[in-house]
Amino acid sequence: MTSFAVTWDYRCPFARNAHEHLLVGLADGADWDVTFVPFSLGQVHVKEGETPIWDRPENETGLLALQTGTVVRDTAPEAFPSVHNDLFAARHDHGLDLRERDVVREILTRHGVDADAVFGAIDDGGALDIVRKEHEAAARDHTVWGVPTFILGDEAVFVRVMDRPGTDAAHARRTIDRVVDLLGGFPELNEFKHTSIKR
């Protein structure tokens, strides 16, 4: 089994793409042990000398959803894949506002998760503490600055997967396996980027 971690923030379309590949592949039985790591893009954009977003979470548009995903990951892991997927879909497919508790509550309820318990963990500050610790550990230990970043051992790489897998599990597994194989087997390749995007 291959163990690796991947960061996420629900606002990023490239995180959505990569995590759809991960979720479809895992559902198909891919031999991956994936650690899902919350990472706040809002905190990344805080300028030096400014108050960290952790001390003013009401100013951060992505934290409610990020905390929600983290609480579900830790307390209802069986529901995490479907909730995780739906939070991305709400933002990118349906144009919903993930700052709205009613939007998040509907997703949680649809997948059998106790929304009141999730919001309780957010309101008491416990979820924010976990998000902050995992974000700061990724930034400190692996110099993570964006999502999705794949982390394998001491290697970490920011990846932009340009497509979505749909229901093609073989494609999803192949995509993630290629990323992980490059990450672990070819760390000398530092940058590989197309000069244009073919539509």
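**View 1. Surroundings of His 135 in the predicted model.** Apart from neighbours within four places in sequence, His 135 is in contact (heavy atoms within 4.5 Å) with Pro 38, Phe 39, Ser 40, Gln 43, Val 44 and Trp 54. The model is predicted: local features need pLDDT of at least 70 and side-chain atom pairs count only at pLDDT 80 or more, while totals for chains, interfaces and linings use all residues. Residues are numbered from 1 along each chain as its sequence is written, and side-chain values use heavy atoms, with hydrogens and water left out. His 135 belongs to helix H7 (residues 126-142); helices (H or I, at least four residues) and strands (E, at least two) are DSSP runs, numbered from the N terminus. His 135 counts as buried because its relative accessibility is 5%, buried being under 20% relative accessible area, exposed over 50% and partly exposed in between (1.4 Å probe, protein chains only). Its side chain reaches the backbone nitrogen of Ser 40 at 2.9 Å.

**View 2. Helix H4 and its cover.** The 13 residues of helix H4 (residues 80-92) should span 18 Å at 1.5 Å a residue, and the end C-alpha atoms are 18 Å apart, which agrees. The expected span is 1.5 Å times one less than the number of residues. Buried in H4 are Phe 80, Val 83, His 84, Asp 86, Leu 87, Phe 88, Ala 89 and Ala 90. Their cover includes strands E1 (2-8) and E2 (32-38), together with helices H1 (13-27), H3 (63-75) and H5 (101-110).

**View 3. The largest pocket.** A pocket is an open set of points on a 1 Å grid over the protein atoms alone, where a 1.4 Å probe fits, with protein on both sides within 12 Å along at least five of seven lines; lining residues have an atom within 4 Å of a point. The largest pocket holds about 1500 Å³ of space. Of its 32 lining residues, Phe 158, Val 159, Arg 160, Phe 192 and Lys 193 are the closest to the centre. Strand E4 (155-158) and helix H8 (169-185) each supply at least two lining residues, and H8 gives the most, with six.

**View 4. The second largest pocket.** About 180 Å³ of space lies in the second largest pocket. Its lining consists of Pro 57, Glu 58, Asn 59, Glu 60, Thr 61, Leu 63, Leu 64, Gln 67, Arg 99, Arg 101 and Ile 122. H3 provides the largest share of this lining, three residues.

Definitions and conventions
A polar contact is a pair of N or O atoms within 3.5 Å; within protein, one must be able to donate a hydrogen and the other to accept it, and residues adjacent in sequence count only if both atoms are side-chain atoms. Grid points are joined across faces, edges and corners, and a volume is the space filled by probe spheres set on the points.
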